[in-house]
Amino acid sequence: MNFKKIDIYGDSILRGVMYDEESASYKLRDGYKLECFSSRGIEIRNNSRIGATIEKGKDALERKLQDCDSSTLVILEYGGNDCDYEWKNVSDAPLAEHTPHIEPQKFIDTYKQAIATAMKKGATVAITSLVPIDSGKYMKWISRNLSYDNILNWLGDESMLFRWQEYYSHLVESIARELKCEFIDLRREFLLSHSFPKLLCADGIHPTQAGHELIEKALCRFVC
């Protein structure tokens with residue numbers, strides 16, 4: 001594929017965010033430059049934002065993407081924040097009904113609208129699967145200063161965190177098939193790794209430096 005420009009729209013994963021345990025804070029990974037793109041003279045714009053859902057991504061795409069042609073590749077990476085919950089509400093009321101930030105059907109509809117917008121502007125569109133989470137790490141993370149038992153009672157079991165996030169990744173894959181978009185399977189790269197625990201930070205969701213390097217290699221293989 002001969003692309004001249006790449007516009008990336010996603011959340012903190014493709015922004016290159018990772019959790020630093022020493023400083024107990026989030027930071028951008030070192031060397032997130034996608035040099036395999038720049039070395040080929042490809043112009044890159046990373047519009048990814050921390051906490052972004054597909055709704056925010058669609059809005060950003062409508063505002064920022066200019067009319068173009070198929071030599072512009074738009075990469076969309078959403079779902080991780082969409083499928084997440086307000087865990088304090090779950091902890092406070094484990095017997096109540098709770099809904100994710102963006103419910104499945106709305107997620108599907110909005111994702112399709114975002115893809116249609118990019119295609120209408122002339123771009124080639126590729127969407128990515130979700131980087132998997134580490135349920136054990138994430139459970140500890142979301143229950144900090146909350147009731148672990150209440151959250152677990154609502155979930156049913158800890159691995160429900162993984163299965164629910166995986167469900168959204170399957171939705172993305174189904175959208176790609178239906179709309180005949182290019183599909184970049186980032187999830188597979190993590191699941192096949194024998195070093196999976198080392199690929200995710202202490203929060204269980206953000207890639208470590210090694211995890212981000214795995215993402216970069218997958219993106220470069222797709223483009224180059």
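Biologist: How far apart do the centres of the positive and negative side chains of the protein lie?

Modeller: This is a predicted model, in which local features need pLDDT of at least 70 and side-chain atom pairs count only at pLDDT 80 or more, while totals for chains, interfaces and linings use all residues. Residues are numbered from 1 along each chain as its sequence is written, and side-chain values use heavy atoms, with hydrogens and water left out. Lys and Arg count as positive and Asp and Glu as negative, without His and the chain ends, and each charge is placed at NZ of Lys, CZ of Arg, CG of Asp or CD of Glu. On that basis the protein has 29 positive and 34 negative side chains, and the centres of the two sets are separated by 5 Å.

Biologist: How many helices and strands does the protein have, and what is its radius of gyration?

Modeller: With helices (H or I, at least four residues) and strands (E, at least two) taken as DSSP runs numbered from the N terminus, the protein has ten helices and seven strands. The globule rule, 2.2 Å times the number of residues to the power 0.38, is compared with a radius taken over C-alpha atoms. For 224 residues the rule gives 17 Å, and the computed value is close to it, so the protein is as compact as a globular protein of that length, with a radius of gyration of 18 Å.

Biologist: What share of the residues of the protein counts as buried?

Modeller: Buried means under 20% relative accessible area, exposed over 50% and partly exposed in between, with a 1.4 Å probe and protein chains only. Of the 224 residues in the protein, the buried share is 51%.

Biologist: Is T128 buried or exposed, and which residues does T128 touch?

Modeller: T128 belongs to strand β6, which covers residues 124–128. Its relative accessibility is 0%, and therefore T128 counts as buried. Taking contact as heavy atoms within 4.5 Å, and not counting residues up to four places away in sequence, T128 touches I75, L76, E77, V172, F183, I184 and L186.

Biologist: Which backbone oxygen does the side chain of T208 reach?

Modeller: T208 sits in the loop between α9 (186–191) and α10 (209–223), and because its relative accessibility is 15%, T208 counts as buried. Leaving aside neighbours within four places in sequence, its contacts are M18, K198, L199, L200 and C201. At 2.7 Å, the side chain of T208 reaches the backbone oxygen of K198.

Biologist: How far apart in space are E43 and K4, C-alpha to C-alpha?

Modeller: E43 lies in strand β4 (residues 43–46) and, at 41% relative accessibility, counts as partly exposed. Apart from neighbours within four places in sequence, E43 is in contact with K4, K5 and I6. Although E43 and K4 are 39 residues apart in sequence, their C-alpha atoms are separated by 6.2 Å.

Biologist: Why does N145 count as exposed, and what is its phi?

Modeller: N145 is placed in the loop between α6 (135–142) and α7 (148–155), and N145 counts as exposed because its relative accessibility is 82%. Although N145 is not a glycine, its phi is positive, at about 60°.

Biologist: Where is K180 found, and what is its relative accessibility?

Modeller: K180 is found in the loop between α8 (160–179) and β7 (182–184), and its phi, near 60°, is a positive value in a residue other than glycine. K180 counts as exposed, with a relative accessibility of 71%.

Definitions and conventions
Polar contact = N/O pair within 3.5 Å; in protein donor to acceptor, adjacent residues only side chain to side chain.
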